[in-house]
Amino acid sequence: MEPRARRPSPGSPTSLKEANQARLIEALQFAGTMTQAELSRFTGLAPSTVSNIVRELTTSGLLRVSPTVSHGRTAQAVRLSRGAGVLVAADFGHRHLTVAIADLAYEILAEERVTLEWDHRVDDGLAEVARIMARLLAEAGIDPALVVGLGMGLPAPIDSRTGQVGAPSQLPGWVGVDAAALATERLGVPVRVDNDANLGALAEDRWGAGRGADNVAYVKLSDGVGAGLVIRGELYQGSIGTAGEIGHATMNEFGALCRCGNRGCLETLVATSVLLDQLAPNHGTSLTIADAVRMAHAGDVSCRRVLEDAGHHVGVAVANLCNIFNPDRIIVGGELAQAEDLIVGSIRRALKRQGIPSAAEAVSIVMAELGARSHVLGALVIASSGASPEALGAVVRDTVEADQTLLRTVEH
Ligand SMILES: [Zn+2]
């Protein structure tokens, strides 16, 4: 979409008003829903200014206001209206794809999860996103023109300089591709891409187990192992976007060969496929992690041993992370998080033994709260951050203009 030619001179009443409107819209893009008092605190705008902007933008159709209860008192909850746009999330895992449609307050309107071959080609992966997105929009009765952004999560490092999907990737068919550019071209909407552990970190920090903490590390323990680091609400990506690759921390220089080409990485010890291979002689090849957790709780010694040892290895790597990064909270997510205390207990014990006492005492280790939703919600966050307040306003203006054209057509 071409940017609109609206350039009032700086400092004029119109530009000040538009700047204030943009601040308020950005606050709602960040939080989803806020009361007028919260908007005033968050933006630093006077309550009367907030009230005026909310009234005007509600009349124009950009905002929606509904009664709520805040601190025991009745208040007005403000959110961006569905007419202002919708967001799409596409979360790729090792063997699955989840596509979700949400409004700008991050309320999920439709969602579908399908299985996908891990060695699929990038063209096929994107075609699948397009098919599911079109179907979900049609089923929910949403005009595809209302999609203001799509956030995509990939189980791979993404080079922030070139946008290229790096190695090692759990999706080899995507390596070397500028995924955001290609997806924007194929899907016809602005697409932003990030590593799935980074997206989990963003969502847990904002709505889940990271709330109230300043420095958070989200550790994803699935078939791929990675971490997302959030410092005071901002994702820390490092110089080229690959920070947090804890899955390739060297645990044993002469250990098993890793898919990254190195030896003895954390992932070679704790990837879910590695744990299930270890259990196969005792329990067969159709065992799942959920089965192993259930059997461990029921007293099966081998399942308990494998899960606790995995927790120990993760704990050693987390102790190194704590010594260097000194976070106040570590959030454990991904498929292995189902093992809860079996994993977290042994992470805590290893951290106590391996971490420097002051860093180990300062950090709390907690379970992720958003489960499988965390990557989808994180993808919605980057989808929304890519949509400018001007673009959201433009959708409403276009819709209003289209409605008026339609009315005129009907009238004549
Ligand atoms: Zn590795």
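The following dialogue goes through a predicted protein model and the terms used to describe it.

Tutor: Residues are numbered from 1 along each chain as its sequence is written, and side-chain values use heavy atoms, with hydrogens and water left out. The model is predicted, and local features need pLDDT of at least 70, side-chain atom pairs count only at pLDDT 80 or more, and totals for chains, interfaces and linings use all residues.

Student: What makes up the confidence picture of the protein?

Tutor: pLDDT is the predictor's confidence in each residue, from 0 to 100. The protein averages 89, and 92% of the residues score at least 70. Helix H7 (residues 266–270) has the highest confidence, at 97, and helix H14 (residues 389–411) the lowest, at a mean of 55. Helices here are DSSP runs of H or I with at least four residues, strands are runs of E with at least two, and both are numbered from the N terminus.

Student: Where does pLDDT stay under 50?

Tutor: One such stretch is residues 1–8, for which the model has 10 contacts beyond four places in sequence. Another is residues 405–412, with 0 contacts of that kind. A contact means heavy atoms within 4.5 Å. Where pLDDT is low, the predicted coordinates should not be read in detail.

Student: Why is Thr98 called buried?

Tutor: Buried means under 20% relative accessible area, exposed means over 50%, and partly exposed lies in between (1.4 Å probe, protein chains only). Thr98 has a relative accessible area of 5%, so it is buried. This residue is found in strand S5 (residues 96–103). Leaving aside neighbours within four places in sequence, Thr98 has contacts that include Ala89, Glu111 and Val376.

Student: Is Ala77 buried or exposed, and how do you know?

Tutor: Ala77 has a relative accessible area of 9%, so it counts as buried. Ala77 sits in strand S3 (residues 73–80). Among the residues it touches, not counting those up to four places away in sequence, are Thr33, Arg64 and Thr68. Ala77 and Leu39 are 38 residues apart in sequence, and their C-alpha atoms are 9.9 Å apart in space.

Student: What makes His375 count as buried?

Tutor: Its relative accessibility is 12%, and therefore His375 is buried. His375 is in helix H13, which spans 373–385. Beyond four places in sequence, His375 touches Asp91, Asp196, Leu199, Gly200, Tyr218 and Lys220.

Student: What is noted about the backbone of Tyr106 and Asn326?

Tutor: Most residues other than glycine have a negative phi, and most peptide bonds are trans. Tyr106 is not a glycine, yet its phi is positive, at about 65°. Asn326 is not a glycine either, and has a positive phi of about 50°. Tyr106 is in the loop between S5 and strand S6 (108–115), and Asn326 is in the loop between helix H10 (301–325) and strand S12 (329–333).

Student: Which words describe the accessibility of Tyr106 and Asn326, and why?

Tutor: Tyr106 is at 8%, so it is buried. Asn326 is at 44%, so it counts as partly exposed.

Student: What makes the peptide bond from Ala167 to Pro168 cis?

Tutor: Its omega is near 0°. Pro168 lies in the loop between strand S7 (147–154) and helix H5 (179–187).

Student: How many cavities does a search of the whole structure find?

Tutor: The search finds 1 cavity of 30 Å³ or more. On a 1 Å grid over the protein atoms alone, a cavity is a set of points where a 1.4 Å probe fits but cannot get out, and lining residues have an atom within 4 Å of a point. The volume of the largest cavity is about 110 Å³, where a volume is the space filled by probe spheres set on the points, with grid points joined across faces, edges and corners.

Student: Which residues line the largest cavity?

Tutor: There are 16 lining residues, and those closest to the centre are Pro155, Asn195, Val225, Glu245 and Arg259. Helix H6 (196–207) and strand S10 (225–231) each give two or more residues to the lining. Domain 2 (85–196) and domain 3 (209–369) each supply at least three.

Technical notes: On a 1 Å grid over the protein atoms alone, a cavity is a set of points where a 1.4 Å probe fits but cannot get out, and a pocket is an open set with protein on both sides within 12 Å along at least five of seven lines; lining residues have an atom within 4 Å of a point. Domain bounds come from an automatic or database domain assignment.
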